[in-house]
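Work through these exercises with the model open beside you. Try each task before reading its solution.

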Amino acid sequence: MRPVGRGDIGKRVVDIQTRLAALGYFLGREGADGFFGPHTENAIRAFQQQRLLFADGVVEDNTWTELVEAGYKPGERLLYLRVPAIRGDDVLYLQKRLGDFGFDSGPADGIFSPALEVAVTEFQRNAGLNVDGIVGETTLDRLRRLHKDGTHEYLVSIPDRLNGYVRKSSLSGLRVSLDPAHGGMEHGSVGVGGVREKDPNLGLAVELARLLEGNGALVQLTREGDVSRALYDRTEMANAWSPDIHICLHHNWNPSAKAQGAATYFFANSAYESAAGRRLAGYIVDALCRELDRVDLHKHGRNYACLREVKPLSVMIEPGFLSHPEEGPALADPGVMAREAAAILHGIEAYLARL
Ligand SMILES: [Zn+2]
């Protein structure tokens, strides 16, 4: 979809505004008037922040998906396992409640997975309900009442079973999917000296692929040339290949020329964070900062599609700022890219060594 933002008008804007209003966001006195003005932009930013998305005030695929999913209240529809999976905040609520009572449904990501169906049937069996794996009023009611009573409530730490289950303990045979962001007409940010983000994204991915393969890993790239590919096509492509680890590569940009340093991201939402993702993201940013002497901007939990959608384990890397006068041009240097790729590889090795 074409991104919708400041100054846009029309039915798509009314749709966005109506959804924001239903979620309780303030649109100014004008309400859902079909004009994407400052109030709508502020509301989108607040929504993006609350959902741990990139808060740029623009509605692209990722934000749109979240807006739609945020609209589903528990009890409005039947929840069950189907293809494509049912997704939304009602599924997230179900995952959280089951998790609170000790039923392991995998990552609480708002996606109805086979693991969630198992947890639902286990709960139904325990609660003496009809065991059909379908969540309607009866099952939901029981979950809600347990919640209200508090008598059965005990919080347990659910093992991070699906998100982060990597069987290998070395690079040999490890399946790594690499996603160099942007491409083709979609340049990404443009840095000092006119470096277009899509290029170092691809350059680093190709270098990393070469290094990983040299160490016995299997690699798939979501793009191998300067082509554009839709966000959700990338995550689908990665999942179809069943990677152990998925790595999404971007480069950072900031209006301030002072901003510099490396950061990494792992999957988190308001209810959940991937423990394995946090660890892998930590090892990678540590290695990048140590080996390339970058400022450490740390690891952060985010609800980006490239992190949420790809199983079992996904991280995003921003090795530096294209907007920084010294760091920016260096990011496009092949020699520097080779060192960054080596650092990322060392981060993965550190993660695998401590499994
Ligand atoms: Zn980018």
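Helices (H or I, at least four residues) and strands (E, at least two) are DSSP runs, numbered from the N terminus. The model is predicted, so local features need pLDDT of at least 70 and side-chain atom pairs count only at pLDDT 80 or more, while totals for chains, interfaces and linings use all residues. Residues are numbered from 1 along each chain as its sequence is written.

**Exercise 1. The first helix**

Task: Find how far helix α1 reaches from its first C-alpha to its last, and state what is expected.

Solution. Step one: α1 covers residues 11–22, which is 12 residues. Step two: take the expected span, 1.5 Å times one less than the number of residues. Step three: compare. The helix reaches 16 Å, close to the 16 Å expected.

**Exercise 2. The buried side of α1**

Task: Which residues of α1 are buried, and what do they pack against?

Solution. Start with the cut-offs. A residue is buried if 20 or more other C-beta atoms lie within 10 Å of its own, exposed if 12 or fewer, and partly exposed in between; C-beta atoms are placed from the backbone. In α1, Val 13, Ile 16, Gln 17 and Leu 20 are buried. Next, look down the axis of α1. Its buried residues fall within an arc of 95 degrees, so they line one face of the helix. The arc is that of the directions from the helix axis to the C-beta atoms. Now find the partners. Two residues are in contact if their C-beta atoms, placed from the backbone, lie within 7 Å. The buried residues of α1 pack against α2 (38–50) and α3 (61–70). Finally, step past the end of α1. There Gly 24 takes a positive phi of about 95 degrees.

**Exercise 3. Backbone exceptions**

Solution. Begin with the background. Most residues other than glycine have a negative phi, and most peptide bonds are trans.

- Pro 84 sits in the loop between α3 and α4 (89–100).
- Pro 312 belongs to the loop between α10 (305–308) and β6 (314–318).
- Leu 52 lies in the loop between α2 and α3. Leu 52 counts as buried because it has 21 C-beta neighbours inside 10 Å.
- His 182 is buried, with 22 other C-beta atoms within 10 Å.

**Exercise 4. A charged residue in a strand**

Solution. Glu 318 lies in strand β6. Count the surroundings: 23 other C-beta atoms lie within 10 Å, so Glu 318 is buried. Set aside neighbours within four places in sequence. Glu 318 is then in contact with His 250, His 251, Asn 252, Ala 262 and Ala 263. Last, check Cys 248. It is 70 residues from Glu 318 along the chain, and their C-alpha atoms are separated by 8.9 Å.

**Exercise 5. The whole protein**

Task: Which domains divide the protein, and how many helices and strands does it have?

Solution. Domain bounds come from an automatic or database domain assignment. They give domain 1 (11–70), domain 2 (72–159) and domain 3 (175–353). The C-alpha centres of domain 1 and domain 3 lie 28 Å apart. Their contact takes six residues from domain 1 and nine residues from domain 3. Across the protein there are 12 helices and six strands. Of its 355 residues, 43% count as buried.
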